[in-house]
Amino acid sequence: MNIMIVGATSAIATATARLFAERRDHLFLIARNGERLSDLVADLKVRGAQSVGTLTLDFDDFSTHLSAVTEAANFLQQIDVALLCHGVLPDQAAGEENFKLALNAINTNGISVISLLTAIAQRLRTQGTGTIAVITSVAGMRGRQPNFIYGAAKALVSTYLQGMRGRLYEHNVHVIDIRPGLVDSPMTARFEKGLLWTTPEVVAKTIVSSITKKKHTVYVPGYWRYIMLLVNAIPEFIFKRLKF
Ligand SMILES: NC(=O)c1ccc[n+]([C@@H]2O[C@H](COP(=O)([O-])OP(=O)(O)OC[C@H]3O[C@@H](n4cnc5c(N)ncnc54)[C@H](OP(=O)(O)O)[C@@H]3O)[C@@H](O)[C@H]2O)c1
């Protein structure tokens, strides 16, 4: 398969790219850090990737998105899968005091994804085939006190994906919303880990199988579907008092 990965040097994307490489897929990787991208290319070639193209990009520069997708399509001939993985976990308290910080986080986690999706959807619609998979988060399912700036941006993307899935269905393009819970990665390095935590490798396996099985909304690990059912069932007059 021909796979474009946006945010390819993220821990979850890297673990997923390794599984694609082991299948001998063709890959086009886009990420901000050129040095880490080069290291990843070497790693993926050793693991079996048939070809690996790269592009270094800061996704906050929306003006580059259309040409980035064109470059990926030119390299891969056809984009079978577009996987979007980038994101930042902002300082919630700081963002509540300083709108610029909140805006930066919403731009990266939300608006940049919508901009990229616009370019990718155009391309896949024209091809008449393909799968778009985006990593959002269970944090987008209910605004919680400690992370509602991050959660709001992820909710924006999840809602967008839901509508886009219907729009692209008749064009034979499939859309997957991947919602991890707590993953031990550089993004969460400062948190203490516990029972509910998982690894990028576990998320990667689920991403690969969800693409094969053409899933729609995927919780990783699966128990987060039930945790979020419970969280969403808490009445607002209680929920507003919860600090977690
Ligand atoms: N870890 C979790 O618990 C968890 C839970 C739910 C969802 N997620 C989501 O999973 C995805 C992957 O996260 P991860 O856990 O693998 O964390 P990670 O390793 O910290 O990856 C985040 C990636 O996003 C990239 N990035 C951020 N802003 C960017 C920008 N403006 N332009 C280009 N690249 C940018 C970072 O690039 P640099 O390395 O250059 O900074 C980094 O590679 C994210 O969408 C995240 O929100 C994570």
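The model is predicted, so to speak of local features a pLDDT of at least 70 is needed, side-chain atom pairs count only at pLDDT 80 or more, and totals for chains, interfaces and linings use all residues. Residues are numbered from 1 along each chain as its sequence is written.

Let us start with helix H1, residues 11–22; helices are DSSP runs of H or I with at least four residues, numbered from the N terminus. H1 reaches 17 Å from its first C-alpha to its last, close to the 16 Å expected at 1.5 Å a residue, where the expected span is 1.5 Å times one less than the number of residues. Of its 12 residues, 9 are buried, among them Ile12 and Phe20. Buried means that 20 or more other C-beta atoms, placed from the backbone, lie within 10 Å of a residue's own.

Now look at H1 beside helix H7 (residues 200–212): their axes come within 8 Å and cross at roughly 55°. Axes are lines fitted to C-alpha atoms over the stretch in contact, with angles from 0 to 180 degrees between N-to-C directions.

A second pair is H3 (residues 65–76) and H5 (residues 99–127), whose axes come within 9 Å and cross at roughly 40°. H3 and H5 are therefore oblique to each other too. Their contact (C-beta atoms, placed from the backbone, within 7 Å) includes Leu66 and Val69 of H3 and Leu116 and Ile120 of H5.

Key:
Helices (H or I, at least four residues) and strands (E, at least two) are DSSP runs, numbered from the N terminus. Angles under 35 degrees count as roughly parallel, over 145 as roughly antiparallel, 65 to 115 as roughly perpendicular and the rest as oblique. Two residues are in contact if their C-beta atoms, placed from the backbone, lie within 7 Å.
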